[in-house]
Amino acid sequence: MADRADSRGERTKAILNFSNNGTIMNREELPIILCVDDEPRVVDGLAVHLRRDYQVLAANGGNSALQILKDKGAPAVIVSDMRMPGMDGATLLKHVKQLYPETTRILLTGEPGRDAAISAVNEGQIFRFLTKPCSPDQLRSAIEAGVIQHRLMIAEKVLLQETLIGCIKALVDILAITNPVAFGRSTRVRRLAIELAASIGKAGFWQLEAAAMLSQIGYISLPIELVEKLYYGKRLTPEERVLADGAPLVAQKLLGRIPRLEPVMEILAAIRQSKLEMPDGLVKLGADILRLVLDYDAQIVQGHSANVALSSIRAQTGRFDHKLVENLVSLVGLAVGTPDVKEVPVGRLTSGMVFMDDLYTHVGTLLAPKGFEVTETFLERARNFGPGILQEKVRILAHPQPQPKSST
């Protein structure tokens, strides 16, 4: 029992991020608390009790609080008064839940009425409901519990995202063995999409990373010959067009069975919409990036140079976000300016190398299309190709542009 208690204590201390003497090492690492009240003296009083152990931000109303959140990002805990002019606390916390779901929400009110409590709990899903006057010890206890809750939610979110991304990557690697055209493209699109997202300050955009890897999942239902025609931009028969148009529905049915992939599915669905039809937000940004990268990649695969592809994209006024296009120009310009292309035998390929030409077997089966990034799964399969294929030399890009590390 004692060992179990010690283990729980260590986990709690890790969650709170305390040092050995029980204090947080750097002030910049202190949890951020946002206090919201239309009475300045109340906000000042809250700050006095909290500033020793937390970074405290203050707002004098709901709209002011939302602007601070937009400028500063999500805090660990928000403490809001209930009765405020313009926007009451329940409404504010409802917005916070929608925009910053990991932030712990605490409501402080002088009217402990049943209707107010029901509204706050149902709409804002608050963590604590405190009544005025609230003692400093009671407030500190609630906020400390809120910080722990916030860190637990963040840890769960990180674990969930890493698990999802890891599972999706493993799935795409396996599918790339049976359908290298479609799912080899996924790896290439993912790399460029996350580089483009990082160029605008959105490194760690895991929903986009997942959407890029799953962007070709609907093609699993199509014949390989049809996938190759789509890949190389060849003319389709009316019957083939019907099959191809059904691929997004197949993707929706497959992904709809996986929990927590809703934002990824929204990005994939939004790709087919006009960028003018969508409200600003992560879904629109993810769709704008992925739509642009997919179009660029399709033109490269069809044999166009980077300059021709980018000129074509620039000419499509209104279809793509101008800032994203210019950032893509910069990224591609860097990649084109520093190529490291060499010939190596297939048997000496290593993970991360990128094929510069299609690789076929001696009977004409496509093993890896141009642009395919070598993975560990591909290398495992390559060992079974036979000596003829293993000794064949292929042109590869040895050192593609480094991609930003995915975070959450």
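How many bridges join strand β3 to strand β4? In this predicted model, in which local features need pLDDT of at least 70, side-chain atom pairs count only at pLDDT 80 or more, and totals for chains, interfaces and linings use all residues, five bridges join β3 (residues 77-81) to β4 (residues 104-109), and the two strands run parallel. Residues are numbered from 1 along each chain as its sequence is written, and side-chain values use heavy atoms, with hydrogens and water left out. Helices (H or I, at least four residues) and strands (E, at least two) are DSSP runs numbered from the N terminus, and two strands pair if DSSP finds at least two bridges between them. Within β4, L107 is the bridge partner of S80.

The sheet is open and holds five strands in the order β2-β1-β3-β4-β5, with parallel pairing. Its edge strands, β2 (55-59) and β5 (128-131), each pair on one side only.

Helix α3 (residues 62-72) and helix α4 (residues 89-99) have axes that come within 10 Å and cross at roughly 20 degrees, where axes are lines fitted to C-alpha atoms, for helices over the stretch in contact, and angles run from 0 to 180 degrees between N-to-C directions. That angle makes α3 roughly parallel to α4, a term for angles under 35 degrees. In the contact (heavy atoms within 4.5 Å), G62, A65, L66 and L69 of α3 meet L92, H95, V96 and L99 of α4.

Technical notes: Angles under 35 degrees count as roughly parallel, over 145 as roughly antiparallel, 65 to 115 as roughly perpendicular and the rest as oblique.
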